[in-house]
Amino acid sequence: MAYASALLRDPARTYRDIDLAGRTAAADGPALVQLLYEELMQALRVAAWAADRDQYTTKSERVTRATAILFALEANLDFERGGAVSQALARFYAGCRKQVVEAAIGSNGDRFRAVAAELEEIAGAWRQARAA
């Protein structure tokens, strides 16, 4: 019964995965982008925590997740309709990825927190746009 044993290995991760699946099931495009930002910032904060405590496995997992989310955000930009905004976001996401990879080399969480802070401003704009 591999399924049950995989669930029991990391109950917290299982809960997060189920929660994420539930939140994405009924979400529209802007809600999914907002959710990606939230997950990205969470991954960066946990990577910062892990870096500060020399938790290399956790840091690596969160860096991988953050990088994948940044690639997903960039891959879903609509350059035809988004024009200069899409191009600016693509450059921003590429810069964030570079900062995350450089931060992953070290053992100081401050660089991860700095990227999360930069993303918070854009995430706030998504929240405002969805609320309007």
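Which pattern does the protein follow, read along the sequence? The pattern is α-α-α-α-α-α. The protein has six helices and zero strands. Helices (H or I, at least four residues) and strands (E, at least two) are DSSP runs, numbered from the N terminus. The model is a predicted one: local features need pLDDT of at least 70, side-chain atom pairs count only at pLDDT 80 or more, and totals for chains, interfaces and linings use all residues. Residues are numbered from 1 along each chain as its sequence is written, and side-chain values use heavy atoms, with hydrogens and water left out.

Of its 132 residues, 30% are buried. Buried means under 20% relative accessible area, exposed means over 50%, and partly exposed lies in between (1.4 Å probe, protein chains only). Contact means heavy atoms within 4.5 Å. Among contacts with a separation of 6 or more, 58% come from residues 24 or more positions apart.

Helix 4 covers residues 56-75.

Helix 4 has a buried side. Its buried residues are K59, R62, V63, A66, T67, I69, L70 and L73. They cover an arc of only 160° around the axis, so they lie on the same side of helix 4. The arc is that of the directions from the helix axis to the C-beta atoms. An α-helix has 3.6 residues a turn, so residues three or four places apart point the same way. On the other side of helix 4, T57, T64 and A75 are exposed. A75 has a relative accessibility of 64%. In sequence, A75 and A90 are 15 residues apart. In space, their C-alpha atoms are 8.6 Å apart.

Helix 4 also packs with helix 5. Two packed helices are described by the angle between their axes and the distance between the axes. The axes of helix 4 and helix 5 (residues 79-105) come within 9 Å and cross at roughly 170°. Axes are lines fitted to C-alpha atoms, for helices over the stretch in contact, and angles run from 0 to 180 degrees between N-to-C directions. Helix 4 and helix 5 are therefore roughly antiparallel to each other. Angles under 35 degrees count as roughly parallel, over 145 as roughly antiparallel, 65 to 115 as roughly perpendicular and the rest as oblique. Helix 4 makes this contact through K59, V63, T67, L70, F71, L73 and E74. Helix 5 contributes A90, Y93, A94, C96, R97, V100 and A104.

Charged side chains were examined next. Side chains of opposite charge can pair when their charged atoms come close. A salt bridge is a side-chain nitrogen of Lys or Arg within 4 Å of a carboxyl oxygen of Asp or Glu. By this rule there are nine salt bridges. One of them joins R65 and E39, whose closest N and O atoms are 3.1 Å apart. R65 lies in helix 4 and E39 in helix 3 (residues 29-52), so the pair ties together parts that are 26 residues apart in sequence. R65 is partly exposed, at 26% relative accessible area. E39 counts as buried, at 16%.

R127 and E120 meet at 2.4 Å, N to O. R45 is partly exposed, with a relative accessible area of 41%. E120 is partly exposed at 29%, and R127 is partly exposed at 33%.

Two further residues complete the description. D110 is in helix 6 and is partly exposed, with a relative accessible area of 45%. D110 and A48 are 62 residues apart in sequence, yet 6.6 Å apart in space, C-alpha to C-alpha. D54 lies in the loop between helix 3 and helix 4. D54 has a positive phi of about 55°, although it is not a glycine. Its relative accessibility is 42%, so D54 counts as partly exposed.
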